Amino acid sequence: MAVIKLLIHAPTPEALMRAQNNARNLLKLEASAVVEIVVNGGAVGAAIGIIDESILPLLVLCRNSLQGQQLNPPAGVRVVAAAVQYLAQQQALGWSYIRA
């Protein structure tokens with residue numbers, strides 16, 4: 001069976017909470033799944049406060065959103081230039097997408 005590669009898009013704080021739950025639930029059922037929570041917009045402020053060690057490696061933060069809100073990402077959390085570009089590129093590579 002093919003490995004699931006899933007992008008969970010979280011543009012709001014509420015969506016970020018749902019995305020974390022979605023990721024946890026999927027990984028319980030599909031331990032080999034690759035999951036990324038792509039965070040932009042208003043959710044980046046909430047994302048920089050996450051301390052859950054199981055979620056931090058899944059986060060992908062939008063640099064445009066961070067800069068627009070004058071925020072700095074936590075150490076070790078991946079940052080991409082633009083969430084919209086990253087989502088499009090990953091989908092072109094075969095990743096599935098859901099908006100939380």
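Modeller: Strand E2 (residues 34–39) is joined to strand E3 by 3 bridges, and the two run parallel. Strands here are DSSP runs of E with at least two residues, helices are runs of H or I with at least four, and both are numbered from the N terminus. Two strands pair if DSSP finds at least two bridges between them. The model is predicted, so local features need pLDDT of at least 70 and side-chain atom pairs count only at pLDDT 80 or more, while totals for chains, interfaces and linings use all residues. Residues are numbered from 1 along each chain as its sequence is written, and side-chain values use heavy atoms, with hydrogens and water left out.

E3 is the part to look at. Opposite Val60 of E3 stands Val38. E3 is also joined to E4 by 3 bridges, again in parallel, and Cys62 stands opposite Val80 in E4. Between E3 and E4 the chain passes through H3, and this β-α-β crossover is right-handed (with the strands pointing away from the viewer, the path from the first strand over the helix to the second runs clockwise).

What covers the two sides of the strand? In a regular strand the side chains alternate between the two faces of the sheet. In E3 (residues 59–62), Leu59 and Leu61 lie on one side, Val60 and Cys62 lie on the other, and all are buried. Buried means under 20% relative accessible area, exposed means over 50%, and partly exposed is in between, with a 1.4 Å probe and protein chains only.

Gln70 is not a glycine, yet its phi is positive, about 55 degrees. Its relative accessible area is 73%, so Gln70 counts as exposed.

Another glutamine gives a contrast. Gln20 belongs to helix H1 (residues 13–29), and with a relative accessible area of 7% it is buried. Leaving aside residues up to four places away in sequence, Gln20 touches Ile37, Ile50 and Ile55, where contact means heavy atoms within 4.5 Å.

Of its 100 residues, 41% count as buried. Among contacts with a separation of 6 or more, 58% join residues 24 or more positions apart.
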